[in-house]
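Please open the model in your viewer and keep the selection tool at hand.

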Amino acid sequence: MSTVERWVLVFESVSATLAAEQALKEKGIPYKLVPIPRHISSDCGVCIRVDAHQRALAEEVLAGRVRVAGVHRLPDSRPRPS
Amino acid sequence: MEEKLRIYLDNAASTWPKPECVPRAVEHIIREAAANPGRSGHTLSIEAARVIAEARRQTAALFGISDPLRLVFTGNATGALNIVIQGMLGPGDHVITSAMEHNSVMRPLRAMELRGVEVSVVACSADGTLDPDDVGKAIRRQTALVVLTHASNVSGTVMPVSQVGAITSERGIPLCVDASQTAGCLPIDVGRDGIDLLAFTGHKSLYGPQGTGGLYVREGLEARISPLAMGGTGSASEREEQPLFMPDKYESGTPNTPGIAGLLAGIDFVASQGVERIREHEMTLARRLMEGLAAIEGIRVIGPRDPYHRIAVVSFTLEGVEPSEVAFRLDDEFGIMIRSGLHCAPSAHRALGTFPQGTVRASIGFFNTARDIDETIDAVASIAYNR
């Protein structure tokens with residue numbers, strides 16, 4: 001278990017999320033597709049989770065390619081499996 | 001009993017056979033991953049959504065579209081054309097099209113005419129050629145759209161899309177191109193050709209399954225095009241209004257995931273062969289067919305002679321024999337499948353002087369061979385001599 005700080009990048013659609021995934025994959029930035037946390041949106045889709053130290057790089061890669069609808073820090077009070 | 005020869009020359013209606021990778025991809029996704037793409041967060045839903053995302057990327061790459069999210073999947077080219085024509089035009093607007101259009105353009109335009117849209121149909125020459133300057137001359141202050149086929153499904157005539165695109169771009173009028181007959185067998189680059197809206201089908205020269213197609217919308221134009229269908233998109237679910245962003249604005253309801261998986265396989269096949277190489281193969285056979293047919297007494301080959309101005313769709317008439325009779329005898333006596341009649345394009349036949357009787361149309365695909373062509377020429381000659 002770890003309490004590493006993580007962020008999620010939320011997009012306006014699944015298509016946009018997967019376009020973002022492709023961009024991160026191409027640049028070799030580690031990420032995980034996860035359900036959008038309930039406290040962020042009631043939407044039923046997925047978003048992209050990255051570790052805090054990758055966040056700036058991820059946003060830089062996506063700039064001008066896919067519109068990021070929101071960037072949220074996950075509450076680190078809840079440890080997650082690393 | 002001797003097995004009857006079977007030659008398929010109706011590729012302009014739908015290509016057959018498909019590359020083996022296409023049925024395999026359709027079967028694979030139905031068996032392994034046909035969940036509802038992106039409607040849920042689970043593995044199979046994401047896997048299905050990834051297939052559609054990859055299909056969007058590959059399709060976009062084929063047409064020189066830099067942002068795959070500008071591409072909407074539809075059920076066919078007709079669906080894409082209807083989104084544009086019905087969603088963009090309103091009373092008082094003026095629209096320009098050519099005389100060579102298919103009914104997938106003509107019928108929605110005529111329906112819009114009844115709703116107060118003015119339609120100008122630019123005349124074409126007897127071989128289906130369009131003078132781009134005639135489009136320029138038809139432009140008025142109220143012109144809201146130009147709709148143009150990339151190549152005629154009757155005469156095979158290639159339209160001067162990039163020249164028209166240069167005119168419409170300069171005048172700031174959106175150009176919508178119907179690439180039903182060309183996507184996959186004639187190079188298309190939306191930027192180079194000045195195309196603002198591109199409607200295409202998946203089951204012809206992209207070798208995908210029927211029930212697939214799409215629409216490219218240039219950035220910003222979606223603000224001017226209302227969606228025809230609204231509903232669930234898997235996005236912005238908390239809102240009861242249709243999302244305004246691409247591609248969700250025009251992609252309501254569960255998509256044809258198995259079809260799109262097959263389309264992706266078809267596009268992979270086309271990309272691996274190369275559009276230029278496919279065109280070269282088809283046009284070599286088309287030249288062979290045109291020359292062979294032209295040597296038969298009573299045959300008139302329709303459309304341009306110059307292979308650079310046409311695709312491998314070869315229409316012809318046989319003096320004294322109805323096109324439907326020629327088609328029936330080719331199938332019945334020789335196992336050769338072609339199409340006769342008006343090909344859903346009465347306006348084009350009027351321009352070509354073949355209305356109302358129509359033509360016999362042989363359309364060549366990647367899998368046709370020189371032997372198919374020679375057998376067809378012999379069969380037509382036999383019908384001509386036994387009139």
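Five cavities of 30 Å³ or more are present in this predicted model. A cavity here is a set of points, on a 1 Å grid over the protein atoms alone, where a 1.4 Å probe fits but cannot get out; its volume is the space filled by probe spheres set on the points, which are joined across faces, edges and corners.

Select B:Asn11, B:Gln181, B:Cys185, B:Ser205 and B:Ile364: of the 16 residues that line the largest cavity, these lie nearest its centre. Lining residues have an atom within 4 Å of a point. The volume of the largest cavity is about 110 Å³. Domain 1 (7-18 + 275-385) and domain 2 (21-273) of chain B each supply at least three residues to this lining; the domain bounds come from an automatic or database domain assignment.

Next, select strand β3 (residues 46-51) of chain A. Strands are DSSP runs (E, at least two residues), numbered from the N terminus. Because five of its six residues are buried, β3(A) is largely enclosed by the rest of the structure. Buried means under 20% relative accessible area (1.4 Å probe, protein chains only).

Two strands pair if DSSP finds at least two bridges between them. Look for A:Trp7, opposite A:Val50 in β3(A). Strand β2 (residues 32-35) of chain A also runs antiparallel to β3(A), joined by four bridges; there, A:Lys32 has A:Arg49 as its bridge partner.

Residues are numbered from 1 along each chain as its sequence is written, and chains are lettered from A and ligands numbered from 1 in the order in which they are written. In this predicted model, local features need pLDDT of at least 70, side-chain atom pairs count only at pLDDT 80 or more, and totals for chains, interfaces and linings use all residues, while side-chain values use heavy atoms, leaving out hydrogens and water.

Technical notes: Buried means under 20% relative accessible area, exposed over 50%, partly exposed in between (1.4 Å probe, protein chains only). On a 1 Å grid over the protein atoms alone, a cavity is a set of points where a 1.4 Å probe fits but cannot get out, and a pocket is an open set with protein on both sides within 12 Å along at least five of seven lines; lining residues have an atom within 4 Å of a point.
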